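Open the model in your viewer and keep the selection panel at hand. The stops below say what to select next and what is there.

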Amino acid sequence: MDANSERDSLRSGEAALVLHPYIKSKKQSKLRDPEGCLEEAVSLTAAISLDVVHSEVVTLSKAKPGTLFGEGKIADLGAFIKNADIDVVIIDGPVTPVQQRNLERRWHVKIVDRTGLILEIFGERAQTREGTLQVELAHLSYQRTRLVRSWTHLERQRGSLSFIGGPGESQLEIDRRLIDERITKIKRQLNSVVQTRELHRAKRKKVPYPIVALVGYTNAGKSTLFNRMTESEVFAEDLLFATLDPTMRKITLPGGQPVILSDTVGFISDLPTELVAAFRATLEEVLEADLIVHVRDITHLDTGAQRQDVLDVLDRLGVDTDDTGSYLEILNKIDILDEDAREKLFNSVAREEGQVAISAVTGEGTAAFLALIEEKLTAKQKILELDIPAEDGATLSWIYRHGTVLERTDRDDKVHIEAKFSPENLGRLEKILKNQS
């Protein structure tokens, strides 16, 4: 296991060659533009401070089972790798353990596929104990599938006198057993963290503020929007996966009702299965949300494909995105659109229910965004008209904290309030008024 870890680790500043294998087929012709895929792969590589020396799309009629690429391309790339002193080759796609082993033998460099690259980024970004454990779990699950007899150390056998391993146990089997033991330990640690998170959820339910979860493709601007709405300083830069650990803050809607806004990890195409499984506890925050806000980078060439990728992950989590009462889309980055594109977008948004165009950078459209959140959250609430004694500041304050005030009229000795309440808060208000009578 140590040799595998040493081989796979990436160091800042290493010279990298980025390749996007484009297999010509009817299925793939309907997917993203290959140049756009390559650009994203270069951004992912740059996100962990590798020095991208060269990048290219490699068109293939079909993948070679043993080497992925054909002999001619392997020879050409091998000569470039040697002349350019390349340290690592990033292959933007799935690479089997056998293909990885064979290419490393031919090119004498580290080979990292898309899953391995994303795992590297997540490992660098994780800040909390939970995030670190989740990344390690995902990385170990991935590493377990890469245990092939790439080196002679994996073919050695331990004798019966060895302290590690029984008679005839190969190093590969020992590595696999050690990984399994570590996975079991991490899962136990994560279960403890999950129980703590569930306790926090239970406490939040006792203070029934609605939860609004921001989701979206990585680099769509979620954290920038989160910072603007909450006046926070969550790390937000033009980097893929700038945010990994979820963050929650309270905001107040125009009608006075507080809500909890949650910023979650960004999604990406072909998100590794290991990561979806490992981060399920974190992503379940999305399932707890009263409203899911899908933030989209409307300026990206593949914005439609990115939207589908996010919907696919939400579907895997069990989220019903067809429920317009609990899902809406925010079309972000309108500040970098030209006038014609802006006009076309605004006309399109006007025809769609549950969409709003904004700029998280300039703040344009955020007022409409808050109003739409309020509209969604209060759609099923009951409107109540109340006359509260003017001196009863406690009850008035409670109404503003737990309801949505639609209209207020101050009279001589009373305050006439028209407000919306959720069924839970309506019941609590009735108890308050009953105790006062």
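Select the four strands that form an open sheet in the order 2-1-3-4, with parallel pairing. Strand 2 (51–60) and strand 4 (110–113) are the edge strands, each pairing on one side only. Neighbouring strands here are turned by 20 degrees against each other on average, direction ignored. Helices (H or I, at least four residues) and strands (E, at least two) are DSSP runs numbered from the N terminus, and two strands pair if DSSP finds at least two bridges between them. This is a predicted model: local features need pLDDT of at least 70, side-chain atom pairs count only at pLDDT 80 or more, and totals for chains, interfaces and linings use all residues. Residues are numbered from 1 along each chain as its sequence is written, and side-chain values use heavy atoms, with hydrogens and water left out.

Now select strand 1 (residues 15–23) and strand 3 (residues 88–91), which pair in the parallel sense over four bridges. Which residue of strand 3 is the bridge partner of Leu19? The partner is Ile91.

Contact means heavy atoms within 4.5 Å. Axes are lines fitted to C-alpha atoms, for helices over the stretch in contact, and angles run from 0 to 180 degrees between N-to-C directions.

Next, show helix 6 (residues 114–125). Helix 3 and helix 6 pack at an angle of about 40 degrees, with their axes 9 Å apart. That makes helix 3 oblique to helix 6; angles under 35 degrees count as roughly parallel, over 145 as roughly antiparallel, 65 to 115 as roughly perpendicular and the rest as oblique. In the contact, Glu40, Ala41, Leu44 and Thr45 of helix 3 meet Arg114, Leu117 and Ile121 of helix 6.

Zoom in on Arg114 and Glu40, whose side chains meet in a salt bridge (2.8 Å, N to O). The pair links distant parts of the chain, with Arg114 in helix 6 and Glu40 in helix 3, 74 residues apart. A salt bridge is a side-chain nitrogen of Lys or Arg within 4 Å of a carboxyl oxygen of Asp or Glu, and by this rule the count comes to 15 salt bridges.

Move on to helix 7 (residues 129–145), which packs with helix 6 at an angle of about 155 degrees, the axes 10 Å apart. Helix 6 and helix 7 are therefore roughly antiparallel to each other. Select Thr115, Gly116, Leu119, Phe122 and Gly123 in helix 6; they meet Val135, Ala138, His139 and Tyr142 in helix 7.

Select the six strands that form an open sheet in the order 8-9-7-10-11-12, where the pairing is mixed. Its edge strands are strand 8 (247–252) and strand 12 (355–357), each pairing on one side only. The twist averages 25 degrees from one strand to the next.

Within this sheet, strand 10 (residues 291–297) and strand 11 (residues 327–332) pair in the parallel sense over six bridges. Asp297 stands opposite Asn332 in strand 11. Helix 12 (residues 303–317) lies across strand 7 (211–216), strand 10 and strand 11, at about 155 degrees to strand 10.

**Last stop: helices 9 and 14**

Select helix 9 (residues 222–230) and helix 14 (residues 366–378), whose axes come within 12 Å and cross at roughly 85 degrees. Helix 9 and helix 14 are therefore roughly perpendicular to each other.
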